[in-house]
Amino acid sequence: MSRDQLDVMNEEIQIAINPQTALNTHERINTVYSGEIIKMEAGFAKIMLETNEVMRADEVGLVHGGFIFSAADFAAMVAVNEPNVVLASCNCLFLAPVRVGDIVTFEANEHQKEGRKRNVTVRGFVHEIKIFEGEFKTVITERHVLRLDLLKSLDN
C-alpha cells in the first residue's frame, strides 16, 4: 500500500469514528500489535491490523495467531467501550492463515447485554476471506480489575 493510499485511509478513518463516541477503554494499547480503530459506534467496532515482520512465526511468513487474537480481543473491548471491561472467556476459530503484509479487518458486534455481562461476536477478514471468528464473553467490573477488593492485600 502506498503512502498516499495510507493517507487517504487515515482521513477516512477519522471520518468514520463517530465524534460523539469517545474511546473509554484500552486507551494505551499498542495499536501496532492490536490494530487501529477505523470505525466505532455504540456496540460496534471495526479494527484494522496491518501485519508486519515482528509478527512472523516462521520462514514462510505465517503470522502468529496471538497477534490475530489480540486484535480480535481489542475489537471486542472497543465494541463494549466501558472503562473496566475485561475478557471472561472466548470461543474462537482460526479459519485461514495470515501472512506477513496482510491487512486484517475485524468487525465486532455486541449482541447480548445482561447486567454487567456483554457478549460480542468478532469476525476477521483478509480481503473477503474470513480468517477468524470468535464469541467473546466480557464483564464490566465496578473498578479496574487490578484494583478490586480481592487484590487489596497486594496494595499493602
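**Figure 1. Thr51 and the residues around it.** Setting aside residues up to four places away in sequence, Thr51 touches Val63, Val98, Arg99, Val100, Gly101, Asp102 and Val104; contact here means heavy atoms within 4.5 Å. This is a predicted model, where local features need pLDDT of at least 70, side-chain atom pairs count only at pLDDT 80 or more, and totals for chains, interfaces and linings use all residues. Residues are numbered from 1 along each chain as its sequence is written, and side-chain values use heavy atoms, with hydrogens and water left out. You'll find Thr51 in the loop between strand S2 (44-50) and helix H3 (65-80). Helices (H or I, at least four residues) and strands (E, at least two) are DSSP runs, numbered from the N terminus. With a relative accessible area of 5%, Thr51 is buried; the cut-offs are under 20% relative accessible area for buried, over 50% for exposed, and partly exposed in between (1.4 Å probe, protein chains only).

**Figure 2. Polar contacts of the Thr51 side chain.** Which backbone oxygen does the side chain of Thr51 reach at 3.1 Å? That one belongs to Arg99. The backbone oxygen of Asp102 also comes into the picture, 2.7 Å from a polar atom of the Thr51 side chain. A polar contact is a pair of N or O atoms within 3.5 Å; within protein, one must be able to donate a hydrogen and the other to accept it, and residues adjacent in sequence count only if both atoms are side-chain atoms.

**Figure 3. The sheet, strand by strand.** Six strands make up an open sheet, ordered S1-S2-S4-S5-S6-S3, with antiparallel pairing. At the edges sit strand S1 (36-41) and strand S3 (85-94), each pairing on one side only. On average, neighbouring strands of this sheet are turned by 20° against each other, direction ignored; axes are lines fitted to C-alpha atoms, for helices over the stretch in contact, and angles run from 0 to 180 degrees between N-to-C directions. Two strands pair if DSSP finds at least two bridges between them. Zooming in, strand S5 (residues 117-126) and strand S6 (residues 129-140) run antiparallel and are joined by 10 bridges. Asn119 stands opposite Lys137 in S6.

Figure 4. The Arg118 side chain gets to the backbone oxygen of Gly115 at 2.7 Å. Apart from neighbours within four places in sequence, Arg118 is in contact with Val80, Glu110, Gln112, Lys113, Phe136, Lys137, Thr138 and Ile140.

Figure 5. Searching the whole structure turns up zero disulfides, a disulfide being a pair of cysteine sulfur atoms within 2.5 Å.

**Figure 6. Back out to the protein chain.** The protein chain has three helices and six strands, and along the sequence they follow the pattern α-α-β-β-α-β-β-β-β. Of its 156 residues, 35% count as buried. Among contacts between residues at least 6 apart in sequence, 60% join residues at least 24 apart.
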